[in-house]
Structures are given as structure tokens and as C-alpha cells.
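Please read them with the structure open beside you.

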Amino acid sequence: REKKLKYVYDFTEGNKDLKDLLGGKGANLAEMTNLGLPVPPGFTISTEACKVYLESGREPAALRDEVSAHLDALEQRMGRTLGQQDDPLLVSVRSGAKFSMPGMMDTVLNIGLSDASVAGLAAQSGGDERFAWDSYRRLVQMFGNTVLGVDGDLFEEALEAAKRAKGADSDLGLDAADLRKLVGEYKAIVAEQAGRDFPQEPREQMDLAIRAVFDSWNTERAKLYRRQERIPGDLGTAVNICSMVFGNLGPDSGTGVAFTRDPASGHQGVYGDYLQNAQGEDVVAGIRNTVPLAELETIDKASYDQLMKIMETLETHYKDLCDIEFTIERGHLWMLQTRVGKRTAAAAFRIATQLVDQGLIDEAEALQRVNGAQLGQLMFPRFEDSVDDAAGYQRIGWGIAASPGAAVGKAVFDSYTAVKWSRSGERVILIRRETNPDDLNGMIAAEGILTSRGGKTSHAAVVARGMGKTCVCGAEELEVDTKRRRLTAPGGVVIEEGDLISIDGSTGKVYVGEVPVVPSPVVEYFEGRMHAGADEADELVQAVHRIMAYADRVRRLRVRANADNAEDAARARRFGAQGIGLCRTEHMFLGERRELVERLVLADTDTERDDALNALLPLQKADFVELFEAMDGLPVTVRLLDPPLHEFLPDITELSVRVALAESRKDANENDLRLLQAVHKLHEQNPMLGLRGVRLGLVIPGLFAMQVRAIAEAAAQRRAAKGDPRAEIMIPLVGTVQELEIVRDEADTVIAEVEAATGTTLKLAIGTMIELPRAALTAGQIAEAAEFFSFGTNDLTQTVWGFSRDDVEASFFTAYLEKGIFGVSPFETIDVDGVGALVRSAAEAGRAVRPDLKLGICGEHGGDPESVHFFHRVGLDYVSCSPFRIPVARLEAGRAAA
Ligand code: ADP
Ligand code: MG
Ligand code: MG
């Protein structure tokens, strides 16, 4: 039996929770209607109808009758019929999906007007001919453009020509006769461009507009937007039919937009714009200058007061900042749209705490009103707010805010110069039309990157975000001439190579000269520094402080830091780290210690090797003592040496050249010759998959034992100093439990020796990284020999996908992002279906064998908001991330648990 589906809902039938069915706009129109607010009557065609249309290519059979029934009811209620000659009912046809989506059909206003009814409209408006013809010309223009696909510029040109002919500087300068003539021209444009006449039959206008809304779901722009934003492609859009009210009926009419509080600061007050004698989109389109909403109080006090009351009702009801669209028709206020409004990061934190104080939401809800990305934004240094007005700082461009931060430097136009200048200590901004993989070195060398082409997924944007480097892209008004090494801005401002330039990756703005940078008050707060800033900053810091406290109270995931020196550890602690989840030991082999590593590699005899190791031991131990002291009382996971040894040796090409030159001079040095041999021997095609991690420990006798000894002795020394060291030893790149068992036995022996020698019991936990698919697949076996797992999701992502991060991010990731294969790089956000599935099953298998197995993750994903939620769901004990991302991880862990 076929279920009788309902496709059309009167505004009185819906509510705000029905966004799936009615779209955002429809659901909120219904909500306002049911709140008793003045919404022009209307009805919504559901997304279900759209889905049927998209699947079958036809409207559902029942739709026409259902629309007719609702239209009849509407006509009854309004006392006139759609397009009725002497008194036409007019409607708007408005698209509205669950998520608001640029690229979909615009709204068509004034549906129902025709040659036959335009006079009736004029008569009903008290003989306002101008108004009637203005409404009609808007209909032909919008309908022609959005429903019939006629190039909108053609209408704009005709309008401009009419204004010019009249010497008018705005549309208000055109009278009824002018507009009537314009309608004629518009209709001619439609007939010529669309190959059909503008439809005169009102119902046909409406049906065509409805179908156009359905079709607009699948425009290329809409599809691309959905892929990028990961919006499912099969949701469909709703269509709202709303009886028209008129803001263009004279000076006592108008239209406006408003926010219930300031979306920039969160302050309560009157924020918005109003435009007299105008319809719908005129406000946003900027065709005439709007006035601040506050002026409405003098223009029309009664409507203003009513609007203020409605705004309060909406805030209390939605318990959040709302933005609204309204129209005043001859002193009568109408609400045309509302939704929970977008806001800046700072406002999000402040509004959340304000709403808690007002008793509108609780702490758990406050946590949902902010997110880690916003907190991250607040942690970047910024240019001073007043920059735009300050003398001497001229804004020359406004591009896409692709990667946040504030960067100042000298303009350079190629990678080579960027690298050369930065080596000599200059700060540079790399300016390109667009970047490609050849620009990589320059991007690394630069403080920031500026391009005139490309969007948020352009090469520059993707790579800069990956590097955490400030980037403004797609600043199209800037003309970049790389040959002449200069940039030309509108107004003829020219930036030559070497001129100072400032770019703001959080706003996309570009300035001439050096704009002063102010540190983020939020970072100052986390650093525990006293902050004597402006009130705004104080309020923000207070709000962040409270939200962080809520998050810490509810979160289950602990947050540790990736840090390998005392300074980073101390900062991490200030930022709230509950230990170190990854201390890399590679830096302990760099600098002056390289020579000892060379000796280790070159050792021919056991004695030579032991000498080299014995020389490294005290140095490593000293490093650990410092670190354990900085993290006293908290766990510190030390990873034994992981990278391939060649990374510590001279570069193969440089060394070859040196040796060849020396040989030609016949003074080749014996050590260099041996070194070159060793480097050749260690050279690998795929070092990432070569001799590294636990393999080093198994192949180079004594290496891991030395490291374990350094850890154990450092711990013993801290104990002796009445400290509380909590070291954990982590073996990298294990693929099978046998590897781990061998290294473990060796480590246990060393630890026992140190314990005996120092008379202390050290209780050092030994565990492993899970970063190879095989380790994840045999996690049950590995857990027999490991007291903890730490998921190395960077390597795990590389090995599961089979691509190397260093090579692919700059090469084909842009293409993958553009094609929508990734919504975001899997190195940034954990690939839940692939890599994540392995993490989940390994965690379960490990815990099944060893219920108290400690589980953590120490890849870059540890500080990524979405990934943190996943790790919470999988039941890990902690995430570990770079010190700077700790607050974000704490907040997201709280949000995941709240
Ligand atoms: P968007 O989603 O692009 O804002 P809308 O459907 O909200 O599109 O409509 C565009 C403009 O037309 C808005 O300013 C809206 O307030 C106005 N508008 C829509 N429907 C009506 C109506 N029935 N009467 C008067 N103005 C309307
Ligand atoms: Mg709108
Ligand atoms: Mg690794």
C-alpha cells in the first residue's frame, strides 16, 4: 500500500526543528508564524518533493493538486487570487535548503504580476503607478535571470541606460513612464535571449519558478560547494511561497536587516541597516545607501519599537543571536526571515557566556556554541583593530582569508628571492599570481603568502594551512607582475620588490607598509601573563576562561603535549597539558652531537661503537632530567630514535662533491671517504619505509639500550632529588610483537641494572606506537608486550593510504580537494572510514587482551577538532598535540563529552 505523502506545509504547520523537511528558511518562517509574529502567510514545498523531482526528473504527481489546495487557502485568506486583475495577490518564490548554500537559485519576488494586473496593483496601492511598474520590472528582471537563465548584466545595462537618459543617479529617479518603458525593454531582452515570451499567466510563473528552485540544487556551483562543505548531495531544497509585502510603497515603507546583537563583539544593542522605499535585496545589493537601524526610531517609531520587542522575543526563544530580514509596508511591520546568525570567533565566546549569565542556556550548551577552530583563530597574533583608519596604513586589497595570522615582510615575487633574502635574515612576503609546487621553498622561507588568484582550495591556501603559514589568496584587484617584480593595486599604488607589505590571513586584508602586530590576548591569558588590555579584550579573556573551565570539567579525554625540551614542556603545562605524549629524541642527535652519530655509524669495532654511545649517554640523560623536572608528576612518553640515520649524516651529494674535489687535489681525507661509503650504504629509495624506528634498535647494537639507560638514570636522579618522574618508554614503528619483545627484553635488563645500581624502583612503562597497518591488525598480539599504545596517525595515514605526506600535499592534493575526493586533507583531519577504522579495531583488540592498556594518539590529528571528537568516541585515554594546540584540544574534548 502506497503511503500518502504530504509535500506541502502551511507556515502554521511547521517548526524550527523541521529543517530537514522544510529547509532552514521554511522551518524558521513557520516557527515565527507560530510564535505569533507578523509573517506574511504562505506555505513551503518540502525537500521530499524536490528529491522526487531530482530522482525522476518530474514533480511528484500529487504536488500540483497540493500546491493548488494551499494556494486556494492562501487566496481565501488574503481575499484575492494570484495575479487577480483588479487586485493581484503576489507571492515570492524562495529557495531554502537545510544548509544555506551559495550557488542556488535566488528568490523571485512579485510573482503574479503581468500586463493585465499591473494596473490593478497601482489602483490598489492608491494610484501609485510608479510602485506598480517598479514591481513589475523587478519581476521580469529576476524571473528572466534566475528562472529563464538570461544574463543579468543585460537587464542592468538597460537600467543604467534608462537612468543615464533621465540623468538620474539612482533608481528612485525613474518615474512610472520610465519604468513602464523599461519593462518593455526587459520583455524584449527575455524574448530574444530565452527564446520565449515572459509568461503572463500567474500560475505558470509560479510553477516555473518552483521548478527552477528544484533545478538549482544541481548547478555546478552548488555541487562544488556541497563537496567542499561535505553537504550530502541528496538532501534537496525546499521552496517557500510567501505572500508579498511591499517596502517600495513610498517613504513610509522600507526594508532592512538586523542582528539581535553585534555579530562582531556580542554586545547587545541595535545592529542593522534600513533602506526606505525599497524592496527585498536592495539592502544587500547596495544600490542605495542604507541608514543604520537606529535611525528607524526617528523614521517610524511604532515599527521600531515593535521590531525591538520582536528581536527580544526571538533571542529568548532561540536562545541565541538571530539575524532577521524585515519589511515595513506603509507603517506595518512584517518579518520575512530569521535564523541563528553567524558571528566572529570572539563574539561566539562572549555570546555563549552572556547567554549563560542571562539564564538562557547552561554550561553544556555554551560549549556547543563555540568550537576549537574559533579558539584557534583567537590565538593568532593580529593587526591592531584600528588599522584601517590609522594614518599611514593603506589597505590596498581584500582577498580570501586562507590561512590565519598576521604577517609583515618585504615583497618578493619568486621563490628564489624569498629563500635568498630570508637566509640573510629578511622577513619576506611571497607574492605570486598563484603558487605551484615549485614555489614550495619560497613558501617555507616566507612569513606569509599572497596570491591574486585562486580560492580556499588553491595550492597556496592548502599548502599554507598545512604549514600553519599566513596566507591571503585570490586578492583579485591586485595585479601581480612577476616579470617586472611588482604589484599594482587599484588607484595606482605600486609595490616593488623589497617594499614592505602586511597581510592579514584572518581577514584577507592587504596593507602597504608595516602594520604593527599585537599579540593575541587569549595567548597572553594562557601564558598566564597579566593582561592590561582594552575592555573588549578583557571581556573576551573572561569568556574564554569560563568556557575552558566548563570544558575541563566535563571532558574525559586527557590532553598531552608533543614536546622535546624543557621550554616547550613548560609552555605546554601553562597551556594545560597533562603530560607529554610524544617526546621525540631525534633532536638529541643533532647539532654538535652529529659528530658522535657519525662515529657511531662509522664504528668498526664494538669498542669504537661503545665509545660513541657512552659519549651520547650523559647528553641524553641531561636532556631527560630537564624534561622530567618540567613535567614533574605528569607522564612523559619518550620515543626511542625513529628517523633513518642518514638524516644525521652529511648530504650525499654535498659529501660526494667534497670527496671528489679533495681526491682531484689528492688530499682526500680518510674519514670523509669512510663517511661517504657509509652514507652510500645507508642511502635508501624510500627512507620512510626503510631502516628506521624499531628496526634501528634491532640493527644497531646498543643504541636503544643507551637511550633506555639515559631515561632510567634520569628518572633515578629525579627521584633522588625528591622529584616525581613518570617516564614511559615508547618503541616506534613496530610491525610485529616479536620486534617489541626483543627490544623490551633488552630494556628490562637495562632498567633492572639501573634500579640495582641506584637502589630505586623506577616503574617505567614500556609501550609502542601503532603506526603501521600490520601493527593495528595484530594489536591483540602486540598488547601482550605493551603497556600502552600510542597511535601515530601521521605515519598510519601515510601507510594506510600509501602516499608520503612530504611529496603529495603539494602535488596532487589540490586536485583531490577540487574534485571533492577529500573534503579536507587526511593529514589534517583523521580519515574516519579508513585510518580511523584501524584505530578503532586496534584499540578494541588491545583492550580485550589487556583491559588497563593505556591508549593515546600523538599525530598531528591530536589537535584537530573533528579528530578529537573521533578519538573521544573510540574511547582513547588521551590525545597529544603541539603545545600551541592544547587549548583547542581541551575545548574540543569538552565539547565531545558535553
Ligand atoms: P536570500 O536567502 O537570498 O536572503 P530570500 O528568500 O530571503 O533570499 O529573499 C530575498 C529578499 O527578498 C530578502 O530581502 C527578503 O526579505 C525579500 N523577500 C522575500 N520574500 C518576500 C516577500 N514575500 N515580501 C517582501 N519581501 C520579500
Ligand atoms: Mg534572506
Ligand atoms: Mg611515526
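1. How many residues surround ligand 1, and which are the closest? There are 16 residues around ligand 1, and the closest are Ser92, Arg94, Thr107, Gly280 and Leu336, where a residue is near a molecule or strand if its C-beta atom, placed from the backbone, lies within 6 Å of it. This is a predicted model, in which local features need pLDDT of at least 70 and side-chain atom pairs count only at pLDDT 80 or more, while totals for chains, interfaces and linings use all residues. Residues are numbered from 1 along each chain as its sequence is written, and chains are lettered from A and ligands numbered from 1 in the order in which they are written.

2. The shell around ligand 1 draws at least two residues from each of strand 3 (91-97), strand 5 (237-243), strand 9 (322-329) and strand 10 (332-340); helices (H or I, at least four residues) and strands (E, at least two) are DSSP runs, numbered from the N terminus. By class the shell has six nonpolar, six polar and four charged residues, with Ala, Val, Leu, Ile, Met, Phe, Trp, Tyr, Cys and Pro counted as nonpolar, Asp, Glu, Lys and Arg as charged, and the others, Gly among them, as polar. Because domain 1 (75-243) and domain 2 (254-343) both give residues to this shell, ligand 1 lies between them.

3. The protein chain is divided into domain 1 (75-243), domain 2 (254-343), domain 3 (380-518) and domain 4 (555-588 + 600-643 + 706-897), with bounds that come from an automatic or database domain assignment. The C-alpha centres of domain 1 and domain 2 lie 23 Å apart. Their contact takes five residues from domain 1 and five residues from domain 2, two residues being in contact if their C-beta atoms, placed from the backbone, lie within 7 Å. On the side of domain 1 that touches domain 2 there are two nonpolar, one polar and two charged residues.

4. In strand 17 (residues 470-473), Thr470 and Val472 point one way and Cys471 and Cys473 the other, and all are buried, which requires that 20 or more other C-beta atoms lie within 10 Å of a residue's own, whereas 12 or fewer make it exposed and counts in between partly exposed, with C-beta atoms placed from the backbone. Strand 17 runs antiparallel to strand 13 (residues 400-403), to which three bridges join it, and Ile400 stands opposite Cys473. With strand 16 (residues 448-451) strand 17 pairs in the parallel sense, also over three bridges, and here Gly448 stands opposite Thr470. Two strands pair if DSSP finds at least two bridges between them.

5. A separate point concerns an open sheet of three strands, which has the order 18-19-20 with antiparallel pairing. Strand 18 (479-481) and strand 20 (494-496) stand at its edges, each with a single partner strand, so one side of each is left without a neighbour in the sheet. Strand 19 (residues 486-488) and strand 20 pair over three bridges, and Thr488 stands opposite Val494.

6. In helix 2 (residues 47-56), Thr47, Ala49, Cys50, Val52 and Tyr53 are buried, and their cover includes helix 1 (19-34), strand 2 (42-45), helix 3 (63-78), helix 8 (202-216) and strand 5. Helix 2 is followed by Gly57, whose phi is positive, near 80°.
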